[in-house]
Amino acid sequence: MKKIKQLCFLLAISLTATSCGDSFLELAPISNATADNFKTTDDFELAVNSAYATLYTVYHPEGPVSYVNEQMSDNAIMFNISGIQADKWQFKDYSLMTTNTMVYQFWQDYYKAIFSTNIVLNKIEGASLSTAYKDEVKAQMQFLRALYYFNMVQTWGDLPIVTTPLTGTEAYAVLRSPQAAVYEQIKKDLLFAIDKLPLASAISSAKIGRASKGAAQTLLGKVYLTIGDKTSAATVLKEVYNSNQYALLPSYASLWGPNVKNTKESIFEIQYQGGSVSSPYSRYYQTFYPNNNFLGFYGSGMNQVTDDLYNEYENNDPRRDLSIALGYNNGNTFIAQKYPIKWVHTNAVLGGGNPLSNNNFMVLRYADVLLMLSEATGDASYLNLVRSRAGLPKFGEPNYPATYTTLNLAIEHERRTELALEFHRWFDLKRNSRAVSLLATKGKAITNDKLLLPIPQIVRSQNSAITQNNGYN
């Protein structure tokens with residue numbers, strides 16, 4: 001509990017003390033005394049916790065990964081009362097402008113997070129600590145940096161690659177590098193992490209939530225799939241499969257609940273501790289609840305479920321009713337509105353009008369590995385393990401749904417239903433070159449140019465040498 005509270009405190013400092021300053025890459029307080037005096041293991045443990053705390057922002061239910069993967073896909077709509085509504089709807093409507101305040105906020109969120117990893121990497125080099133400890137710290141930070149850059153390159157394409165904590169005018173020399181160079185940096189970080197990180201089974205209870213070797217391998221497998229290298233993806237994902245570190249839980253229902261944490265199926269999971277405003281409590285329950293104050297708190301109405309997603313499930317698929325509610329009761333009146341329920345914490349303590357929920361969030365889990373293995377190898381047996389857990393007919397059997405005539409379509413269907421609303425859908429469709437053709441048939445004003453978000457105008461105002469993505473000039 002002490003470590004969790006420290007981590008939350010450091011997150012609050014990092015979010016309130018940082019600003020854009022003179023440069024879009026100057027995104028952390030240079031006067032931070034702790035950063036200037038990293039010496040002991042305790043100093044670095046606090047700094048590592050602070051870097052991990054950036055996950056709360058990047059994977060916030062209204063954060064960048066949520067918006068692009070759910071709102072820009074066919075999974076979700078929103079009825080949200082806070083913030084600038086026009087800027088929020090631009091994601092769903094594919095009408096993003098370079099002045100969109102949320103696009104700029106997301107850009108800042110990522111570079112702040114990357115600064116947090118870079119400052120640790122910078123300071124650890126000169127520390128008088130054991131080589132083994134220094135290597136593990138570096139591996140943790142390089143895993144996080146790779147995760148953030150992987151999300152960013154899929155979101156914006158070419159990016160400024162920053163691997164040191166830049167300040168002042170030196171940031172202006174860093175322009176956008178081609179996507180290929182960004183992916184090379186991601187792979188470099190992950191290969192180092194794979195070599196130095198421990199197996200999941202070797203992580204102590206005091207460090208639960210930190211990345212393992214399997215997490216880095218899983219992420220690298222997804223990176224390889226995204227750049228079209230299925231052979232390499234299959235190799236690294238099979239290492240995860242053969243590691244005996246992970247397994248599907250017996251039932252889909254057993255994956256969810258405020259007290260279900262770090263199970264055998266979880267590969268990388270963001271840690272929350274509900275019940276106190278001083279702890280990092282989970283916001284998914286409230287944010288994904290319909291826009292109503294019936295329960296004593298205001299539901300935000302984010303990522304409300306489309307009929308299209310609901311109808312994707314086979315009628316006898318138990319995952320549908322474990323993932324999606326049809327509506328809610330307001331007194332004696334039933335209000336029909338589909339919303340996510342994977343992160344519901346009905347009896348959460350209320351604090352300041354917010355449910356202080358306890359639900360963790362899985363960024364990577366073993367079912368994802370199995371589905372990626374089928375994608376990488378063309379072998380349906382991995383996919384069929386996921387379907388068997390759900391009690392559904394296997395791909396290739398006579399009673400498998402006739403709609404999904406190829407293995408690729410079967411994988412797309414399975415990923416959408418198994419991983420629904422877990423922030424995968426848009427990246428999945430982009431990876432398989434299906435986003436434009438599929439989403440256009442569902443009324444989305446999507447074009448090839450709109451497969452990337454605009455570079456925020458304020459970034460280009462700060463540095464006119466930063467180029468803009470096609471379609472936004």
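**Figure 1. Cavities of the predicted model.** Counted on a 1 Å grid over the protein atoms alone, with a cavity being a set of points where a 1.4 Å probe fits but cannot get out, the model contains 5 cavities of 30 Å³ or more. Grid points are joined across faces, edges and corners, and each volume is the space filled by probe spheres set on the points. This is a predicted model, in which local features need pLDDT of at least 70 and side-chain atom pairs count only at pLDDT 80 or more, whereas totals for chains, interfaces and linings use all residues. Residues are numbered from 1 along each chain as its sequence is written, and side-chain values use heavy atoms, with hydrogens and water left out.

**Figure 2. The largest cavity and its lining.** The largest cavity holds about 170 Å³ of space. Its lining (residues with an atom within 4 Å of a point) comprises 18 residues, and Asn151, Lys222, Phe423, His424 and Phe427 lie nearest the centre. Two or more lining residues come from each of α5 (64–71), α8 (131–156), α10 (213–226), β10 (361–365) and α18 (425–431); helices (H or I, at least four residues) and strands (E, at least two) are DSSP runs numbered from the N terminus. Helix α8 gives the largest share, 4 residues. By class, the lining has 9 nonpolar, 5 polar and 4 charged residues, where Ala, Val, Leu, Ile, Met, Phe, Trp, Tyr, Cys and Pro count as nonpolar, Asp, Glu, Lys and Arg as charged, and the others, Gly among them, as polar.

**Figure 3. The second largest cavity.** The volume of the second largest cavity is about 100 Å³. Of the 13 residues that line it, Leu255, Trp256, Val260, Asn360 and Met362 lie nearest its centre. The lining divides into 6 nonpolar, 5 polar and 2 charged residues.

**Figure 4. The contact of helices α16 and α17.** The axes of α16 (residues 380–389) and α17 (residues 407–418) come within 11 Å and cross at roughly 35°. These axes are lines fitted to C-alpha atoms over the stretch in contact, and angles run from 0 to 180 degrees between N-to-C directions. The crossing is left-handed, the near helix being turned anticlockwise from the far one by less than a right angle. In contact (heavy atoms within 4.5 Å), Ala380, Leu383, Val386, Arg387 and Arg389 of α16 meet Leu407, Ala410, Ile411, His413, Glu414 and Glu418 of α17. These residues divide into 6 nonpolar, 1 polar and 4 charged.

Terms used
1 Å grid on protein atoms, 1.4 Å probe; cavity = no way out; pocket = protein on both sides within 12 Å on 5 of 7 lines; lining within 4 Å.
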